[in-house]
Amino acid sequence: MLPPILVTLALGLWGMRRQNSMWGDEAVTYEVAHRSASQIWHTIQHVDLVHGVYYLFMHVLFAGWEGGLLTLRLPSVVAMSLAAGGIALLGQRLAGPRAGLLAGLAFPLIPLVQQYAQEGRSYAIVCALVTWSSYLLLQAADRSTRRWWAGYAVLLWVAAMFHEFAVLVVPAHGIALLLSGRPRALIRAWATAAGCAVAGLLPLIVLSRRQAGQVAWIGWPDALQLLGLTAMALAGLWCARHQIRARELSRLSALALPVLLLPGLLLLAAAVVRPLFVDRYVLYCAIGFALLLGAELDRRWGSRPSPRWTAWVALAAVLVPLVPVSVYLRTPQSRHDNATAVGHAVRQAAHPGDGLLFVPARHRVWTSAHPQDTQGLTDLALAQDPASSDTLSGVELPAQDIPTRMRAFSRIVVVHDPADERPDHDARELAKSSTLRDYFQVCGRTIDVTGAHITDYCLNR
């Protein structure tokens with residue numbers, strides 16, 4: 001376990017600050033975690049219930065150590081390192097020590113793993129919990145004692161409480177037991193344990209459905225994200241190709257293939273009713289890929305002798321293309337937006353007493369982590385701030401009141417989407433856009449940052 005843990009830890013710490021940048025979702029984590037426990041409790045009753053346990057967890061960490069970006073991201077680095085160690089242990093148990101070591105070392109090299117090992121969100125923690133719940137599944141299946149089944153159920157429940165889509169690994173675990181030819185009595189024991197975990201999750205599932213509007217932004221699967229998971233799936237199938245043809249899956253493949261394939265397929269199938277596919281929701285699919293890759297490398301290593309230089313050539317062929325990808329993932333441009341840069345740009349563009357406008361309102365989270373960037377400015381559309389309204393973006397004025405408020409200011413700094421983003425058609429957003437178009441003109445330069453534009457507008461005289 002130790003080499004994979006240390007390698008993952010080193011890769012996670014390398015460039016962890018990303019040039020002191022923070023993207024929008026991380027800014028939400030930072031701001032909500034700094035609210036009081038009672039405020040977080042009231043907030044998740046209105047929004048982001050699926051992240052409630054994570055926000056409370058981060059609240060405790062920040063209360064103990066106000067380390068800024070380090071406190072924000074270090075839990076993900078540590079969690080992914082523990083996942084790598086768990087994968088090594090799974091590989092050792094199912095295919096031998098060398099396969100386990102190679103699987104554990106392959107895991108942190110996966111670009112998706114490197115990306116979310118350095119993010120202040122719950123996905124790395126979920127990945128670690130799913131890894132270790134898989135290990136407890138094997139322990140329970142081999143020893144068949146209530147203690148191990150109870151531990152499996154509890155860890156599975158905790159993983160899903162950090163993010164409910166962790167529950168998609170439950171059918172993968174069930175299929176893994178069936179493929180490995182376990183007796184019916186053991187399948188029933190698994191069903192009882194998994195059923196208890198899912199039953200404990202039902203209140204979260206029922207209540208979170210009331211907040212389904214939060215995922216309305218998810219459209220059909222993003223091509224790049226889908227390509228990444230598809231590439232992992234195809235590579236994993238290729239690693240197990242001989243077993244698939246012979247219809248004789250090893251113990252490792254019986255677990256790894258369902259974990260790799262099933263959660264993503266279920267999320268894609270849900271798109272028929274409501275699009276929900278985002279690669280980070282099923283990040284733990286990488287566990288199955290790493291196990292299959294480790295077993296394949298182990299098989300090739302021991303299949304026949306080969307000159308030592310061929311091993312070095314093969315290693316270089318894998319690592320060299322990963323270097324620019326790894327470097328890019330540690331830059332602000334690798335994320336959808338850069339909330340830190342937005343705040344700096346607002347401070348650069350504004351004058352004391354200017355108005356401030358977010359188009360659309362959800363982008364108010366970009367400046368929530370560093371309120372000093374907007375100090376001295378008047379948020380023109382805001383009626384109630386995020387913390388006191390138990391929301392993420394605050395409550396805005398009625399649409400009919402926003403134009404009057406805007407026209408009372410001679411200069412407005414507008415934070416808005418890049419031109420290629422689809423505009424919102426909410427009445428408030430239409431009121432903002434039409435008032436800017438009819439009564440204001442651009443009077444300063446537009447500052448472009450990753451994922452956003454910041455523009456000065458002046459009132460027409």
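**View 1. Solvent accessibility of Cys443 and Cys458 in the predicted model.** Cys443 is partly exposed at 34% relative accessibility, whereas Cys458 is buried at 16%. Buried denotes under 20% relative accessible area, exposed over 50%, and partly exposed the range in between (1.4 Å probe, protein chains only). The model is predicted, so local features need pLDDT of at least 70 and side-chain atom pairs count only at pLDDT 80 or more, while totals for chains, interfaces and linings use all residues. Residues are numbered from 1 along each chain as its sequence is written, and side-chain values use heavy atoms, with hydrogens and water left out.

**View 2. The disulfide between Cys443 and Cys458.** The S to S distance is 2.0 Å; a disulfide is a pair of cysteine sulfur atoms within 2.5 Å. The torsion about the S-S bond is about 70 degrees, so the disulfide is right-handed. Because Cys443 lies in strand S6 (residues 440-449) and Cys458 in strand S7 (residues 452-459), the pair ties together parts 15 residues apart in sequence. Strands (E, at least two residues) and helices (H or I, at least four) are DSSP runs, numbered from the N terminus.

**View 3. The open sheet of five strands.** The strand order is S2-S1-S5-S7-S6, with mixed pairing; two strands pair if DSSP finds at least two bridges between them. S2 (378-379) and S6 stand at the edges, each with a single partner strand, so one side of each has no neighbour in the sheet. S6 and S7 pair in the antiparallel sense over seven bridges, and Asp448 stands opposite His453 in S7.
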